[in-house]
Amino acid sequence: MRRGGLKFLLPILAGGLTGCAVGPDYLMPHIGTPAMFTTGSLGGSSGGAVSVAQSQSPAIARWWSLLRDPQLETLIQQAVVANPDIEVAANHIRAARANEVAVRGLALPIVEANAAAGRGTGTNSTKGRVAGPLNAGTNTNGLEEITHVAGFDAAWELDLFGKNRRAYEAAQYSTDVAIEQRRAVLVSVVAEVARAYVETRGIQAKIKASKENVARAQKIFDLMKTRFDRGLTNELDVKLASRQLATLKAELAPLASEEYAGCARIAVLLGTYSGGVCQELSAYRQIPTTPSRLKTGLPASVIRRRPDVRAAERQLAVETARIGVAVADLFPRVEITAGGGLQGQGIGVVPVVTKSIYSVGPSVYWPLLDFGTLDSLVHIQQLQADSQFLTYKRVVISSVEEANVALSRYRAAMATLRSLGIAVKESKGAVDLATERYDRGVTDSLNVLDAERQDDELQLQYVQAKADAATAFIALYKALGGGWEMFEQDLPAPRARPAVLAAFDHLHDH
């Protein structure tokens with residue numbers, strides 16, 4: 001290359017390497033949060049069934065361990081490994097990182113191989129058959145007709161106004177979004193496994209309580225039947241006892257169906273079928289006991305931890321970077337192109353001649369008059385960024401309020417459980433007293449049957465309240481955004497090779 005050619009290219013190359021990046025630089029927005037969670041209730045008592053500490057950051061990376069159920073921990077581990085939604089989210093991260101590589105490649109020079117041959121009535125039968133930069137180097141000096149050309153061409157668009165840099169920023173931020181979305185899926189899957197497990201154990205506890213109620217009702221029926229046969233009571237007592245026994249038996253079949261449905265939900269979350277899961281859960285275990293003391297941390301810590309909030313903030317960064325991409329389209333685009341190789345004649349033309357050729361130089365494109373199209377695209381992108389900011393603000397507010405609601409429900413569930421525990425204890429005393437009075441002939445059978453019926457109902461209500469408390473506990477920690485920290489993974493992009501090498505790789509795939 002002549003030294004004169006270098007003189008005009010060097011300033012352009014320097015400008016391409018040091019040019020500015022148009023568009024706004026991203027700054028993380030600040031959205032204020034309340035100093036404390038709201039733990040009371042409007043127009044009523046705030047309750048004292050659970051103690052809440054908000055002054056320290058909660059240790060919630062393994063919040064399910066507070067339930068002290070090894071089988072639940074095993075199921076969660078299995079779900080994290082095998083859940084299809086988690087793997088889909090992981091593939092989104094890999095794809096986003098592959099997109100980073102692709103976008104970064106757009107800012108680098110592109111080199112292509114070209115070759116063409118032909119005969120015609122013109123002086124250059126390869127014109128239009130090879131790339132422009134290579135064709136620009138062809139010449140007919142000393143030739144009757146150019147019949148074949150082969151060589152390489154290259155192009156490099158100089159990033160004078162930062163379009164490629166902003167696009168790469170957006171690609172990097174998009175990867176951050178994908179990472180946070182996987183974390184959000186983890187939070188959801190862990191919580192759903194725990195909730196389905198608790199509900200299934202709750203149904204099993206109801207089945208156990210119902211069977212005990214049936215056994216007790218059977219004893220009462222047998223007692224009434226014996227007393228009737230001996231003429232010590234009337235037929236009405238037998239009918240009422242029989243009715244109560246049949247009613248309790250009728251509750252067992254639906255509970256068995258609900259138990260299977262719970263196993264099936266867990267199996268789906270584990271990415272498998274229900275047979276093995278139901279067998280694994282067939283052995284009875286008590287409903288996990290929830291703690292009465294919690295450390296929720298402060299609302300600001302929820303914002304920093306929750307993946308959906310973090311994903312919304314990262315998406316705002318994406319939209320902000322894309323403003324720069326749109327603005328850069330308003331400015332000139334400068335591209336350096338070059339070509340070099342061999343040209344010659346010899347396909348039916350004599351004498352056979354081959355000689356080297358080359359061309360190099362810049363090209364400039366500037367859309368001077370587009371009737372506002374490109375500027376409108378800038379405004380559209382700015383509005384999209386503004387909308388994403390409002391989305392981010394909404395997610396922040398709803399996250400804090402979701403935690404408030406979950407905390408309030410947990411307090412209420414624990415208060416209900418405590419009251420029902422007292423009611424169950426008193427109910428047992430009432431049944432014993434009514435039975436004793438009936439045996440002594442002081443009261444009739446209606447009091448005994450009514451006490452038994454209310455006790456049966458309270459037993460099931462207490463079991464449901466215990467399951468509800470555990471479910472509310474799970475919902476609270478899901479609202480706090482816990483559960484993803486333990487399952488971070490390095491998910492690199494698939495290896496990307498130059499096209500000429502990748503072509504052979506993928507050819508071998510088939």
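The legends below describe close-up views of a predicted model.

**View 1. A nonpolar patch on the surface is formed by Trp-366, Leu-368, Leu-369 and Phe-371.** Together these residues have about 590 Å² of accessible area. One of them, Leu-368, is found in the loop between β6 (353-365) and α11 (373-439), and Leu-368 counts as exposed because its relative accessibility is 70%, where the cut-off for exposed is over 50%.

**View 2. The structure holds one cavity of 30 Å³ or more.** About 90 Å³ of space lies in this largest cavity, which is lined by 13 residues, with Glu-157, Leu-158, Lys-163, Pro-332 and Arg-333 lying nearest its centre. The lining divides into seven nonpolar, two polar and four charged residues, and at least two lining residues come from each of β3 (148-158), α5 (163-229) and β5 (333-345).

**View 3. Asp-329 and Lys-163 meet through their side chains in a salt bridge (2.7 Å, N to O).** Asp-329 lies in the loop between α10 (307-328) and β5, whereas Lys-163 lies in helix α5, so the pair ties together parts that are 166 residues apart in sequence. Asp-329 is partly exposed, with a relative accessible area of 22%, and Lys-163 is partly exposed as well, at 26%.

**View 4. Arg-265 forms a salt bridge with Glu-199, their closest N and O atoms being 3.1 Å apart.** Distant parts of the chain are linked by this pair, with Arg-265 in helix α7 (residues 252-269) and Glu-199 in helix α5, 66 residues apart. Both residues also belong to a network of salt bridges that links Glu-192, Arg-195, Glu-199, Arg-265 and Lys-478.

Notes:
Residues numbered from 1 in each chain as written. Predicted model: local features only at pLDDT ≥ 70, side-chain atom pairs only at ≥ 80, totals over all residues. Heavy atoms only, no water. Patch = residues over 30% accessible without salt bridge, like charges linked within 9 Å, V, L, I, M, F, W, Y side chains within 5 Å. Areas by Shrake-Rupley, 256 points an atom, 1.4 Å probe, with all protein chains shown as cover. Salt bridge = Lys/Arg side-chain N within 4 Å of Asp/Glu carboxyl O. Helix = DSSP H or I, 4+ residues; strand = E, 2+ residues; numbered from the N terminus. Buried < 20%, exposed > 50% of the residue type's maximum accessible area, 1.4 Å probe, protein only. 1 Å grid on protein atoms, 1.4 Å probe; cavity = no way out; pocket = protein on both sides within 12 Å on 5 of 7 lines; lining within 4 Å. Points joined across faces, edges and corners; volume = space filled by probe spheres on them. Nonpolar A, V, L, I, M, F, W, Y, C, P; charged D, E, K, R; others polar.
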